[in-house]
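User: I am new to this structure and would like to understand the terms used to describe it. Could you take me through them with care?

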Amino acid sequence: MRPLGPRVPDDAHVQQVLDLCMRVGEVLLSSGESAGETTDTMLRVAAACGLATVEVDITFTSITVSCHRGRAAAPVTSMRLVRYRSLDLTRLAEVAKIVDRVEHGEIDAEDASAVLTEAVSAPHPYPRWVATLGWALLAGSIALLLGAAPITALAAFTVTALIDRVGRVLNRWGLPSFFQQVTGGMIATGSGLAMFAGGVLPAGTQPSLVVAAGITVLLSGLSVVGTVQDAISGYYVTAAGRAAEIALLSAGLLTGVVLALKIGLAFGLTLQVAGPLPQGPGWYGIAVFASAVGAAAFSLAGYARLRPLLAAGTAGAAGWATYGALTQLVDLGPVAATGVAAVVVGIASGLLRRGGRVAPLVVILAGITPLLPGLTAYRGFYQLAVEGVADGLVTVTLALAIGLALAAGVTFGDFVTRPWARRRAPGNTTNEHQRQ
């Protein structure tokens with residue numbers, strides 16, 4: 001008598017489910033989500049659609065999914081390349097809702113695929129100029145956070161709006177991201193030099209903060225958090241690919257800033273690095289408010305809706321409030337203080353992950369933006385261009401350490417708030433060849 005067993009899924013159903021998983025993973029990976037979280041989400045979608053024996057392999061720009069069907073039928077494998085990066089937080093939130101509906105049995109794979117198509121092909125909820133406004137508002141907020149005068153914050157707002165519009169044109173022309181970073185760094189530094197030389201920004205207004213704010217905005221697009229999360233989770237191949245991308249784009253930014261500073265020196269113009277951050281209760285309140293506005297502005301640049309904007313602003317204020325308290329009251333170093341503040345942001349994102357109302361990546365990316373080492377990076381770039389390589393490398397290394405502390409703190413905070421079952425879920429296991 002033939003033994004009874006589970007029904008083997010047919011080819012059509014397997015292909016439909018795998019295609020849905022691949023498209024969900026593509027949106028997550030292109031938005032900067034970690035390989036571990038993307039893998040876990042894809043496996044949960046597959047399991048909810050009746051495919052329990054699925055393997056997912058992610059290597060930075062490619063996603064491979066395979067469904068094993070025992071000895072009764074051949075496995076089905078599919079692969080997709082992710083060649084683009086897109087900061088659309090509304091699309092990310094819609095995909096999270098679709099995954100939740102699939103897990104709760106509200107829609108099947110066919111309906112979910114149709115809804116996902118509508119979500120991915122839908123236009124942005126705001127016009128493109130709103131995203132430019134978001135980036136510019138982020139720069140203005142960062143400048144205020146660093147102690148800039150209102151006219152300097154307005155200059156940072158204007159320069160960053162120009163960088164975004166120029167970057168959009170260059171992206172439309174297909175210019176590689178490296179050269180876009182070079183251009184952004186040159187515009188930020190060159191505009192600061194031109195305003196200073198023209199008397200628009202007097203020396204007492206610290207025009208170097210315009211450059212620092214622009215650098216912070218350009219750094220905010222790098223997937224530092226996802227890189228560290230991948231490395232900690234054991235996805236070393238993906239982490240190495242992302243680290244190479246970050247290194248290349250950072251080198252482009254460094255090149256643009258140093259070139260502009262060298263050109264300024266040739267004309268007898270320099271932008272001295274601003275001093276330490278201001279102190280005192282009054283400035284502390286302004287800094288917390290500016291952090292909230294900056295984090296919300298980052299979300300606005302990513303087309304987030306009202307609820308994510310509020311969540312991002314709250315996370316940004318909480319992160320900077322923690323950092324400010326640790327540096328002013330406890331006199332903790334910038335790296336340690338940044339790491340603790342990032343843990344607070346990670347905890348906030350983890351709690352929102354359990355609530356399911358706001359995509360955690362929105363809170364993570366926006367919440368850490370006010371803590372990015374834009375001023376420290378500019379100080380290192382200035383030292384490399386003007387003062388000497390030794391001092392510059394030390395300061396650039398400090399900026400790198402702050403960035404790593406941000407990413408590691410967010411990852412730890414998100415981890416400790418996860419349910420224990422999710423930590424040990426099969427979807428969180430790493431492919432063995434990536435551990436080798």
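**Reading the terms**

Analyst: S78 is found in strand 3, where strands (E, at least two residues) and helices (H or I, at least four) are DSSP runs numbered from the N terminus. This is a predicted model, in which local features need pLDDT of at least 70 and side-chain atom pairs count only at pLDDT 80 or more, while totals for chains, interfaces and linings use all residues. Residues are numbered from 1 along each chain as its sequence is written, and side-chain values use heavy atoms, with hydrogens and water left out.

User: Why does S78 count as partly exposed?

Analyst: Buried means under 20% relative accessible area, exposed means over 50%, and partly exposed lies in between (1.4 Å probe, protein chains only). S78 has 22% relative accessibility, and therefore counts as partly exposed.

User: Which residues is S78 in contact with, leaving aside its neighbours within four places in sequence?

Analyst: Contact means heavy atoms within 4.5 Å, and with those neighbours set aside S78 is in contact with M22, I63, T64 and V65.

User: What makes strand 1 and strand 3 the edge strands?

Analyst: The three strands form an open, antiparallel sheet in the order 1-2-3, and strand 1 (54-58) and strand 3 (76-81) each pair on one side only. From one strand to the next the twist averages 10 degrees.

User: How does helix 1 run relative to strand 3?

Analyst: Axes are lines fitted to C-alpha atoms, for helices over the stretch in contact, and angles run from 0 to 180 degrees between N-to-C directions. On that scale helix 1 (residues 11-30), which lies across strand 1, strand 2 and strand 3, runs at about 25 degrees to strand 3. Helix 2 (residues 35-48) packs on the sheet, touching strand 1 and strand 2, and its direction makes about 155 degrees with that of strand 1.

User: Why is the protein called as compact as a globular protein of its length?

Analyst: The protein has 18 helices and three strands. Its radius of gyration is 23 Å, close to the 22 Å that the globule rule gives for 436 residues, so the protein is as compact as a globular protein of that length. The radius is taken over C-alpha atoms, and the rule is 2.2 Å times the number of residues to the power 0.38.

Notes
Pairing = 2+ DSSP bridges.
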